[in-house]
Amino acid sequence: MADVATQKMIAQLRTLLLLTNSEEQVAITRQAQARTDAVRRELAENAKNSRARAERINGALRSLGGTPDLVSPVLGRFSAAVKTGAGQAQPFEEALLGDLALEHQLLDRARYLKALGEAADNRGIVQLAERLETAHAATVEWLTTVLAEDAIGGPAALARTPVQAVAGAAIRLGSLPMRTLAERVNEAFVQARTERSRISEAVTQTRQTVGELAAGAREVFGASRDSGLARAESVARRDGAPKTAGTLHKARAAAGALKASELPVPDYDELNATAAIAAIRKLVKAEDVRTVVAYEEAHKARSGVVSAAQTHVADIAKATVGI
């Protein structure tokens, strides 16, 4: 009976090792999506802690007579790299739900391992399982909070990659009456293309280096995009299409393309960092916080303001999901 119990614990430890190495790779990959330096440091610490947990799991395997596992680390990291790479083509929330499923499996297996250890009266295994359970429960809570942040309008601790942003936008736009949307956007971009040509010619005449030309092109693209969206929203409101106008307004807000006068914080451009943080903390709607953060990131990009805003949204999100 003891041999059977030992074999069960070895089997769970091997699976936990594979999943833990996957977890480490996910944490490394997600660092590029961290919205703030604080979140980036937290993810780096998570990756470091995952490596430490993998070492402890390997040690427990050896203590039970299991052979050192040299394949699982490679398989775990490879499978996670494939998973996170594929996740970039998914909407943001789907990628995070995949991460959450991984953490739930680690948490549930840690609890099962603890039960096996208690049944076998193996205190070392029980202690390891308890440490794993604590770590994964905390990560499950963190990921649940990030998803809740996104659900209530953000900004979430993790930002969308460009591909995820496009995937999400495609889904949102797909729900609109496409003929109406196309008409509004086409009308707006006729004007935007004319303006872009004029600005592009001026940029070409004044920029002297390739680097300056590239920077100028980015500015032109951004300006024409913003003016095009603003024009499209105006046309939609004029023609009595409030749903389309609302969607376009949200797109402008997400891109940080609103005017300062449209922000939910009066005279925002006049506020220093301390005053801006205080004003943001008074906002009760996560969507309003998201709007201000997008504007901040597109203009002054003060890291302290963005970090404080994200913390405020996390508190709102936790209250929403009862954490």
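Predicted model: local features only at pLDDT ≥ 70, side-chain atom pairs only at ≥ 80, totals over all residues.
Student: What comes just after α4?

Tutor: D121, which takes a positive phi of about 55°. This residue is in the loop between α4 (92-119) and α5 (123-151), and the positive value occurs in a residue other than glycine.

Student: Is D121 buried or exposed?

Tutor: The cut-off for exposed is over 50% relative accessible area. D121 has 72% relative accessibility, so it counts as exposed.

Student: Which loop holds A301, and what is its phi?

Tutor: A301 is found in the loop between α11 (286-298) and α12 (303-321). Its phi is positive, about 55°, although A301 is not a glycine. With 45% relative accessibility, A301 counts as partly exposed.

Student: How do I read the packing of α5 and α12, and what is the angle?

Tutor: Take the angle and the distance between the axes together. α5 and α12 pack at about 100°, and their axes are 8 Å apart. Angles of 65 to 115 degrees count as roughly perpendicular, so α5 is roughly perpendicular to α12.

Student: Which residues make that contact?

Tutor: On α5 they are T144, T145, A148 and E149; on α12 they are Q310, V313, A314, A317, K318 and V321. By kind, the residues of this contact divide into five nonpolar, three polar and two charged.

Student: Where does T20 lie, and is it buried or exposed?

Tutor: T20 lies in helix α1, residues 2-30. Buried means under 20% relative accessible area; T20 is at 0%, so it counts as buried.

Student: Which residues does T20 touch?

Tutor: Leaving out residues up to four places away in sequence, T20 touches S50, R53, A54, I57 and L106.

Student: How many helices and strands are in the whole protein?

Tutor: The protein has 12 helices and zero strands. Of its 323 residues, 41% count as buried.

Student: What share of contacts join residues at least 24 apart in sequence?

Tutor: Among contacts between residues at least 6 apart in sequence, 75% join residues at least 24 apart.

Student: What is the accessible surface of the protein?

Tutor: About 16,700 Å², of which 56% belongs to carbon and sulfur atoms.

Methods:
Residues numbered from 1 in each chain as written. Heavy atoms only, no water. Helix = DSSP H or I, 4+ residues; strand = E, 2+ residues; numbered from the N terminus. Buried < 20%, exposed > 50% of the residue type's maximum accessible area, 1.4 Å probe, protein only. Axes fitted to C-alpha atoms, helices over the stretch in contact; angles between N-to-C directions. Parallel < 35°, antiparallel > 145°, perpendicular 65-115°, else oblique. Contact = heavy atoms within 4.5 Å. Nonpolar A, V, L, I, M, F, W, Y, C, P; charged D, E, K, R; others polar. Areas by Shrake-Rupley, 256 points an atom, 1.4 Å probe, with all protein chains shown as cover.
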